[in-house]
Structures are given as C-alpha cells and as structure tokens.
Amino acid sequence: MPMSEAIEIYDDRMGAMVRPGASLLLLADGSVHSEGPVYFHEDDSVVWSDAHGNRLLRWSASDGVSILRDVSDYQSGNYRDLEGRLVACSSGKRAIIRREHDGQWKVLVDRYQGKQLNSPNDLVVKRDGTIWFTDPPYGITEPNQGYGGEQEQPGCFVYRFDEATGAIDAVVTDMVRPNGLAFSPDEQLLYVSDTAAFNIPQGPHHIRVYEVVNGVSVSNGRVFAVIEPGEPDGLRVDEQGNIFTSSKDSVQVYAPDGTRLGKILVPETSANLTFGGQKRDRLFITAGKSLYAIELNTCGVQ
Ligand code: MG
C-alpha cells in the first residue's frame, strides 16, 4: 500500500534523486526484526532476514511472502557472490555461510587466528570475489540475535576473507561495533558504520571511511558522518557514490563529500537497505517488522 510522501530534501542533489509520484510502499510486514535485504533480478524478488525471528524470508510481486528458512541460525546480512549464490552472516553459527547451487548451506569461515568469530553481522562481496564482513558481538550478547557463548576475539573487526586462498585478515581494527559496510563505486573507499551507541553509553553512532590499499587492506580511516537520530546500521552506495544509510527515523543520504542531502522517512526504524529492480533504481528497505520499497532517479552500484 502507498505510504504518505515523506522525503526531506536539503540539497538539489537529493531533489534530483526523487522520482515524481513515487512513494514509499509497504511490501511485507509481520517480521520480528527485518534485516539484510538482497535482490534477485532473475525473478524480481527480495530475500531478507527476520533476524530476531530466526527466519529467512522472500518477497516477490507475483508470489507475495514466503519463508525460505524457518530456523536460520539468526542470519543477518545477506549478499550475492560472483556466481549469484546467496552468502550471509550467521550470527548464530558465528560464521559466513553460503547457499550452494544444490541448495545446501555451507560454512565458509568461522575462525580468525584459531579463535571463533564473534557473530558476523553484515557483508559485501568485492568484485575480486573476496568477502568483507563486520563482526560485532550481538549474537553473543543479545539473546534474540544468537545462541550466546564466549567472545574469543580481542575486539570487533572488519575482515577480508579470500576463499581462493583460505586467508582471513582483520582489515579494520579501530572501530567499536562495526556493523554495515559498503565500497565506493570504484572500490577505492570502504564505508563502515559503527552502532556502538545502541547499547554503549556515549558510544559512537557514525560512519567511518577508509582508503582501500592495493585492493586488500585499508588506511587513513576517519569519521565520514555522525548519524542521528539512532545509529547507522546497513548502508549502500549509488552509481554517483552517494551513501544511503539506515537510521532511527529514515534512510539518510550523504554525498561523497559528506554533505547530508536528504532523508527518506520510514515509519519504522530502518536497519538495512539494498538497490534492486531491473534497473537497480528501486530501494528496498528493511525496517522494524517490515519490508518497504521506493523508486528513485538513481541506481545502485552493480
Ligand atoms: Mg547490521
């Protein structure tokens, strides 16, 4: 059903992204906590996590909503690899997992330096096929996000995993609760959100940006934007390099120079988002118990 028009424009660059007549649509509700949307162009569908409901869901215009996994081991962020396979963060299994072509789920990596990961939360697949993911502790500390256990890692890092060699490297080690992440269109910058303020008083609620070095590591990290209200969780980048981030009241849009361009107001607290549609100009937003979508005059990075 169409929601009321609710876009705040602070800059002409945001105005140019608004498609006249387009409004935020509620596509599905009934989740406990919607997270990690990923788009499938083959059948115009979205798969997302009911992260606290411990399920994996699917929506398509023709089929409506269905349950793909009714015990998902607290799957959170989802993405697709170069072969189109669904790769995901399993907060419960404390691992990166992948749905193989035969439908079986496989653990790709669950350890760093011999110790269990905390609880991977969100991931992206770089064009070279490596998987970059965040590892906050929420699957350990939050009863509705995992199976508990002991934290074995000395911190919460961003990792780069190369399946071809089996190597896993901690590329970002100076954040408190790294959560969402995305590369700039040329993959020369890495944006990572920090959701520490969620349950740490005075904790950061910002996005940091890092320069990618030789495609394998990062340097020169700095705060890109402080996000209010709430915290930034999932984020995505469009073809112009604009950053779309979740927040308590909206999806907020930032130019690459850090200027806040505007907000797409969402009636529930947004957790994550992805571009989809056949032209990648439809923004799908997981928020609260729901999945929303809005068409824009901009396209997500392929
Ligand atoms: Mg997240």
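**Magnesium site, ring pairs and backbone features**

The magnesium ion has four protein donors, E35 (OE), N121 (OD1), N179 (OD1) and D233 (OD), at 2.2 to 2.6 Å. Donors here are N, O and S atoms within 2.8 Å of the metal (3.2 Å for Na, K and Ca), and sites may look incomplete because water is not among the atoms. The model is predicted: local features need pLDDT of at least 70 and side-chain atom pairs pLDDT 80 or more, while totals for chains, interfaces and linings use all residues. Residues are numbered from 1 along each chain as its sequence is written, and side-chain values use heavy atoms, with hydrogens and water left out.

- Along the sequence, the magnesium donors follow the spacing E-x85-N-x57-N-x53-D.
- N179 is in strand 17 (residues 178–183) and D233 in the loop between strand 20 (217–226) and strand 21 (235–237), so this pair ties together parts 54 residues apart in sequence.
- Strands (E, at least two residues) are DSSP runs, numbered from the N terminus.
- N179 and D233 are both buried, where buried means under 20% relative accessible area, exposed over 50%, and partly exposed in between (1.4 Å probe, protein chains only).

**Aromatic rings**
- The whole structure holds 11 aromatic pairs; rings of Phe, Tyr and Trp (its six-membered ring) pair if their centres lie within 6.5 Å, with planes under 30 degrees apart counted as stacked, over 60 as edge-to-face and the rest as tilted.
- One of these pairs is F157 and Y159, which is edge-to-face because the ring centres are 6.1 Å apart and the planes stand at 70°.
- Y191 and F224 are also edge-to-face, since their centres lie 5.1 Å apart with planes at 70°.
- Y191 belongs to strand 18 (residues 189–194) and F224 to strand 20, so the pair ties together parts 33 residues apart in sequence.
- Y191 is buried at 1% relative accessible area, and F224 is buried at 9%.
- Ring pairs join Y112, F133, F157 and Y159 into a cluster.
- R69 lies over the face of W105, 4.4 Å from the ring centre; this requires NZ of Lys or CZ of Arg within 6 Å of the ring centre and within 35 degrees of the ring normal.

**Backbone**
- Most residues other than glycine have a negative phi, and most peptide bonds are trans.
- The peptide bond from E228 to P229 is cis, with omega near -10°, and P229 sits in the loop between strand 20 and strand 21.
- R94 has a positive phi, near 55°, and lies in the loop between strand 8 (86–90) and strand 9 (95–99).
- R280 has a positive phi, near 60°, and is partly exposed at 21% relative accessibility.

How values were computed
Helices (H or I, at least four residues) and strands (E, at least two) are DSSP runs, numbered from the N terminus.
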